[in-house]
Amino acid sequence: MIPDTLETRLVKERPMACVTVCVPKDVVESLKAVAPRKGMSGHQARMQSFANSRSPRAQPSRTGWIPGGTGWLREARRVPSPNHDERPPLTAIELLVVHHISLPPGRFRGDAIERLFTNRLDPDSHPAFAPLRDLCVSAHFLIRRNGGLLQFVDTDRRAWHAGVSSFAGRERCNDFSIGVELEGDGVHRFTAAQYRALRRLLGRLRERYPLRSVAGHSDIAPGRKHDPGPRFDWPRLLRARQANGMESAKRKGVAGCLSAT
Ligand SMILES: [Zn+2]
């Protein structure tokens, strides 16, 4: 049987951007419900959503996500950061980047990480904070040592976690990635609760985005960054059901980043 299709002619500001695509009717109906974001036309919002729904793994059920088409996860504690901006149009979100952070370094608990990501960290309150003065950074998520999940940035938006980076020949990893910080220092093992929370988060993200790869910050910015470090148990993440089918330099036993292989 030939599935219902709808021919959609997309004419944007620039005539050269005109393309024709065939989209299943049920997808068209779901796209109509996508709310445009600030600075984005309704058409752009729908096409962004479509770009991120092309994964064959994408499921219609998005119960873990707050309704309204936003990329806020229901189960995460929401701590909105101003440090984000628009992703490039029609960019599929295909990469998960794992980081670690502790503030001050080696000290867990406290609210310094939240303060850093929301531009409220007093650089004079600890000697280790001085280099962070005027730094505007963020990640989409933070997983605390007890597995608690915090969200700073709408996952449809671009968080500022990767910096100068490259993955599989593509630069500016912030454009097409989700950034997850694990509270850690590179010395202590990450906790079982953190691995559980990360696996669960990965499953949620794959409901919504066509994530194909997972990498450490050190993989996409080798020499410049060293997190999540040797204490992060990659096989423990990669053998999880939620990581099935995902590519990783770690899975292939390759040291360094995919772009170098
Ligand atoms: Zn990092």
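**Strand β5 and its surroundings**

β5 and β11 pair in the parallel sense, with seven bridges between them. This pairing belongs to a predicted model, and one of its bridges links Ile101 to Glu183 in β11. β5 also runs parallel to β12, to which four bridges join it; here Val97 has Ala215 of β12 as its bridge partner.

Seven of the seven residues of β5 are buried, and the strand is mostly covered. Leu95, Val97, His99 and Ile101 point one way from the strand, while Leu96, Val98 and His100 point the other way; all are buried. In a regular strand, side chains alternate between the two faces of the sheet.

Several of these residues return in the largest nonpolar core, which holds 44 residues; Leu95, Leu96, Val97 and Val180 touch the most other members. At least two residues of this core come from each of β5 (95–101), α3 (112–117), β6 (141–143), β11 (177–183), α4 (192–208) and β12 (213–216). In soluble globular proteins, nonpolar side chains tend to be buried together. Leaving aside residues up to four places away in sequence, Val180 touches Leu96, Val98 and His99, along with Ala139, His140, Phe141, Ile143, Leu198 and Leu201.

Asp154 counts as partly exposed because it has 19 C-beta neighbours inside 10 Å, whereas a buried residue needs 20 or more. Beyond four places in sequence, Asp154 touches Thr70, Gly71 and Trp72. The C-alpha atoms of Asp154 and Leu73 lie 8.4 Å apart, although 81 residues separate the two in sequence.

For the chain as a whole, the model shows six helices and 12 strands. Of its 261 residues, 33% count as buried. Among contacts between residues at least 6 apart in sequence, 66% join residues at least 24 apart.

The average pLDDT of the chain is 82, and 72% of the residues score at least 70. Over residues 55–61, pLDDT stays under 50, and the model has six contacts beyond four places in sequence for this stretch. pLDDT also stays under 50 over residues 253–261, for which the model has 19 such contacts. Where pLDDT is low, the predicted coordinates should not be read in detail.

Notes: Residues are numbered from 1 along each chain as its sequence is written. This is a predicted model: local features need pLDDT of at least 70, side-chain atom pairs count only at pLDDT 80 or more; totals for chains, interfaces and linings use all residues. A residue is buried if 20 or more other C-beta atoms lie within 10 Å of its own, exposed if 12 or fewer, and partly exposed in between; C-beta atoms are placed from the backbone. Two residues are in contact if their C-beta atoms, placed from the backbone, lie within 7 Å. A nonpolar core is a set of buried Ala, Val, Leu, Ile, Met, Phe, Trp, Tyr and Cys residues joined through C-beta atoms within 7 Å. pLDDT is the predictor's confidence in each residue, from 0 to 100. Two strands pair if DSSP finds at least two bridges between them.
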